[in-house]
Amino acid sequence: MAMAAILLLFLTLFSNSKADQDFDIRQHLSTVTRYGAVKDIVDSSFSSSDIPDACTPLHLNLVARHGTRSPTKKRMRELEKLASHIRELVKEANYNNVSLQKVPAWLQQWESPWKGKLKGGQLDRKGEEELYQLGIRVRERFPDIFNEEYHPDVYPIRTTHDYRKNHELAVNKMKEPILVEITSALVKRYEFKFTIHDISSLWFLSKQESSLLDITDQACSLFSPTEVALLEWMDDLEVFILKGYGNALNYRIGVPLLKDVVQSMDQAIKAKEDNHAPGSYEKARLRFAHAETVVPFSCLLGLFLEGSDFERIQKEEPLNLPPKPPQNRKWRGSIVAPFAGNNMLVLYSCPANFSSKYAVQVIHNEHPIPIPGCDGTDFCPFEVFKERIVRPHLKHDYNTLCNVNLDHSKQKPETM
């Protein structure tokens, strides 16, 4: 019996050690994750549709997030304050003859890599390369669409203005217990007087070092895989509440974008049926935006939902928060909206003898993804897509939603 218990303990420790070795923090940075670290992480239980050879791509809509970028000026100043506070703690420890043996040497001498920078939030060279390579792959994947010289009427490119949503007090309150727990653990582990603000900033530094500088053996190494999982979940909750399914208004305001996507498809169908000459009609609409656009758009499509949640969002009922680790969850910021994360909606034209003459395929981060409103497939008849996914959202008028002074009783639904 004793030998069995010892063997079980050994196997458990070995399993945990192996899991820690396989843990790649670069895949667990929520929306600060580099595209290349996660773009090929897919649901292995899902089999994409076998699109008939007779069906050909007719039009493509792309909604993509900007690539990897530097921290904003505000966050740069936060890192400088962190460096200043760490220096004060080190100085205080030396003055009081307190051992710093357990404090990593790099941290005792650390200065922010962005110290003195005057500009922030700019696309990094890595971010430029992410988007460039994405464009190359999309063009190669859909040669029937990208077979003409560039013209803004054939391949219009649209971008959004910079947009930021203030942090809500409720979200910060929700994050506090996690930060308190991890602060306590690190204070004990390194025998150093970290504050909650220090740990929050060090987690932010971990994400920036990993994504921008390819450094994972400094700030990242302060946290255990279990702590990283909790911090990632904490960030994912924030995205869920402020940009995603946590509030129906988050995705209601994206209805004009969804409506624009459908209208572009209708126009492509009309151009085909009217036999317009090549080069005289739009073949792809390319949009580049922030997570505040990409995340709500994914929600409008019903992506990354659990079980019967699709019916609940169409009724605009509140959803449960993503489950806490170690429970599995579909909602992960690193998958939903990493740097350069994207959704593509490809309109296909099929022969007249097919059940549907036109169909839509939904592709997320370059992989087909199941659409709950289309019976869990990625390839959906166009009319079904409009009826089941788009139409339920059109009961809201954008101007009414964004003007609290208007009488909601006078709200007029959008139309397709």
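Visitor: Are Phe-146 and Tyr-155 buried or exposed?

Guide: Both Phe-146 and Tyr-155 are buried. Please keep in mind throughout that the model is predicted.

Visitor: What makes Tyr-155 count as buried?

Guide: Tyr-155 has a relative accessible area of 4%. Buried means under 20%, so Tyr-155 is called buried.

Visitor: How many aromatic pairs does the structure hold, and why is the pair of Phe-146 and Tyr-155 called stacked?

Guide: There are 9 aromatic pairs in the structure. In the pair of Phe-146 and Tyr-155, the centres are 5.4 Å apart and the planes stand at 20° to each other. Centres within 6.5 Å make a pair, and planes under 30 degrees apart count as stacked; the pair of Phe-146 and Tyr-155 is therefore a stacked one.

Visitor: What can be said of Tyr-150 and Tyr-155?

Guide: Tyr-150 and Tyr-155 also form a stacked aromatic pair, with 6.5 Å from centre to centre and 20° between the planes. Tyr-150 has a relative accessibility of 51%.

Visitor: Which residues form one aromatic cluster?

Guide: Phe-240, Tyr-245, Tyr-251 and Trp-331 form one such cluster.

Visitor: Let us turn to charged residues. What makes Asp-236 and Arg-329 a salt bridge?

Guide: The closest N and O atoms of Asp-236 and Arg-329 are 2.7 Å apart. A salt bridge requires a side-chain nitrogen of Lys or Arg within 4 Å of a carboxyl oxygen of Asp or Glu, so the pair of Asp-236 and Arg-329 qualifies. Asp-236 belongs to helix α8 and Arg-329 to the loop between α12 and α13, so this pair ties together parts that are 93 residues apart in sequence. Asp-236 and Arg-329 are both buried.

Visitor: How far apart are Asp-309 and Arg-312 in helix α12?

Guide: Asp-309 and Arg-312 are 3 residues apart in helix α12, which means a separation of about one helical turn. Their side chains meet in a salt bridge of 3.5 Å, N to O.

Visitor: Why is Asp-309 called buried, and why is Arg-312 called partly exposed?

Guide: Asp-309 has a relative accessible area of 11%, which is under 20% and therefore buried. Arg-312 stands at 23%.

Visitor: How many salt bridges does the structure hold, and which residues are linked in a network?

Guide: The structure holds 32 salt bridges. Arg-158, Asp-260, Glu-282, Arg-285 and Arg-287 are linked in a network of salt bridges. Another salt bridge joins Asp-40 to Lys-39, with 3.2 Å between the closest N and O atoms. Lys-39 is buried, at a relative accessible area of 18%.

Visitor: Where does Ser-70 lie, and what makes it buried?

Guide: Ser-70 lies in the loop between β1 and α3. Its relative accessible area is 15%; as buried means under 20%, Ser-70 is buried. Beyond its neighbours within four places in sequence, Ser-70 is in contact with residues including Met-76, Gln-208 and Leu-212. A polar atom of the Ser-70 side chain lies 3.2 Å from the backbone nitrogen of Gly-121.

Visitor: Which residues of helix α14 are buried, and how do you know that they line one face?

Guide: The buried residues of α14 are Phe-382, Phe-385, Lys-386, Ile-389 and Val-390. Seen down the axis of α14, these residues fall within an arc of 110°, so they line one face of the helix. Among the elements that cover them are α10, α11, β4 and β5.

Visitor: What is the secondary structure of the chain, and how much of the chain counts as buried?

Guide: The chain comes to 15 helices and 7 strands. Of its 416 residues, 48% count as buried. The chain exposes about 21,600 Å², of which carbon and sulfur atoms supply 53%.

Technical notes:
Residues numbered from 1 in each chain as written. Predicted model: local features only at pLDDT ≥ 70, side-chain atom pairs only at ≥ 80, totals over all residues. Heavy atoms only, no water. Buried < 20%, exposed > 50% of the residue type's maximum accessible area, 1.4 Å probe, protein only. Helix = DSSP H or I, 4+ residues; strand = E, 2+ residues; numbered from the N terminus. Arc of directions from axis to C-beta. Contact = heavy atoms within 4.5 Å. Areas by Shrake-Rupley, 256 points an atom, 1.4 Å probe, with all protein chains shown as cover. Polar contact = N/O pair within 3.5 Å; in protein donor to acceptor, adjacent residues only side chain to side chain. Phe/Tyr/Trp six-rings, centres within 6.5 Å; stacked < 30°, edge-to-face > 60°.
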